[in-house]
Amino acid sequence: SELFCRGFAPELTPQLTPHAMRALYRAILRAHRRALPEELRRVGDAYVAKEFRDHRTGATAAQLAAFRRSWEQYLAELRTQAAAQAADDAPGVSFGKDLDAALVDAMTDEQRLKLVDMRLAAAPPPPSSESAPANDRESTATTKPPSPR
């Protein structure tokens, strides 16, 4: 709970106080718990914790305001997608959305690398090499013509 206890300037607006930022952080984690599949939740929780920790100190009020706005937009989008999935309005709905090309173009190299890392962390693991031969044997066995007697 010391995530936002130190490092904030006293002149911050009420939306940017440590208490308000912790409330947003908890709301995001709660939404992850309610809406995301386990593997996405783990990646999302770790990313949220790192981002909030990284912005805890040294950020200006303007940077914190932009940070908060971005996370509020994320939370609203996640809640909308979760509600659509729960209401069965969108069967097979996936979470997230594509990034705007202009936004990606405006990213720094460090931000692009972080995006690649997140994609790799969220991607399903490749099939193990142990299962491939078994599948090959099964497909060979089922497609092999019967032997003449």
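User: I'd like to start with the largest pocket. Which residues lie nearest its centre?

Analyst: Keep in mind that this is a predicted model. To read a pocket, look at its lining and pick out what sits towards the middle. Here the lining has 40 residues, and Tyr47, Tyr74, Leu99, Leu115 and Met118 lie nearest the centre of the largest pocket. The space in that pocket comes to about 1800 Å³.

User: Which helices each supply at least two residues of the lining?

Analyst: Trace the lining back to its helices. H2 (38-54), H3 (61-86), H4 (101-106) and H5 (109-122) each give at least two residues to the lining of the largest pocket. H3 has the largest share, with 10 residues.

User: And how does the lining of the largest pocket divide into nonpolar, polar and charged residues?

Analyst: There are 20 nonpolar, 10 polar and 10 charged residues in that lining.

User: Now the helix pairs. Are H1 and H3 roughly parallel or antiparallel to each other?

Analyst: Check the angle between their axes. Helix H1 (residues 18-35) and H3 have axes that come within 10 Å and cross at roughly 25°. Angles under 35 degrees count as roughly parallel, so H1 and H3 are roughly parallel to each other. Their crossing is left-handed. On the H1 side the contact includes Leu24, Ile28 and His32, while H3 brings residues including Phe67, Trp71 and Tyr74. By class, the contact of H1 with H3 has 14 nonpolar, 2 polar and 3 charged residues.

User: What about the axes of H1 and H2: at roughly what angle do they cross?

Analyst: Those axes come within 9 Å and cross at roughly 170°. An angle over 145 counts as roughly antiparallel, so that's how H1 and H2 run relative to each other. Among the residues that meet are Tyr25 and Leu29 in H1, and Val48 and Phe52 in H2. The contact of H1 with H2 divides into 8 nonpolar, 2 polar and 3 charged residues.

Note on methods: Residues are numbered from 1 along each chain as its sequence is written. This is a predicted model: local features need pLDDT of at least 70, side-chain atom pairs count only at pLDDT 80 or more; totals for chains, interfaces and linings use all residues. Side-chain values use heavy atoms; hydrogens and water are left out. On a 1 Å grid over the protein atoms alone, a cavity is a set of points where a 1.4 Å probe fits but cannot get out, and a pocket is an open set with protein on both sides within 12 Å along at least five of seven lines; lining residues have an atom within 4 Å of a point. Grid points are joined across faces, edges and corners, and a volume is the space filled by probe spheres set on the points. Helices (H or I, at least four residues) and strands (E, at least two) are DSSP runs, numbered from the N terminus. Ala, Val, Leu, Ile, Met, Phe, Trp, Tyr, Cys and Pro count as nonpolar, Asp, Glu, Lys and Arg as charged, and the others, Gly among them, as polar. Axes are lines fitted to C-alpha atoms, for helices over the stretch in contact, and angles run from 0 to 180 degrees between N-to-C directions. Angles under 35 degrees count as roughly parallel, over 145 as roughly antiparallel, 65 to 115 as roughly perpendicular and the rest as oblique. A crossing is left-handed if the near helix is turned anticlockwise from the far one by less than a right angle, and right-handed if clockwise. Contact means heavy atoms within 4.5 Å.
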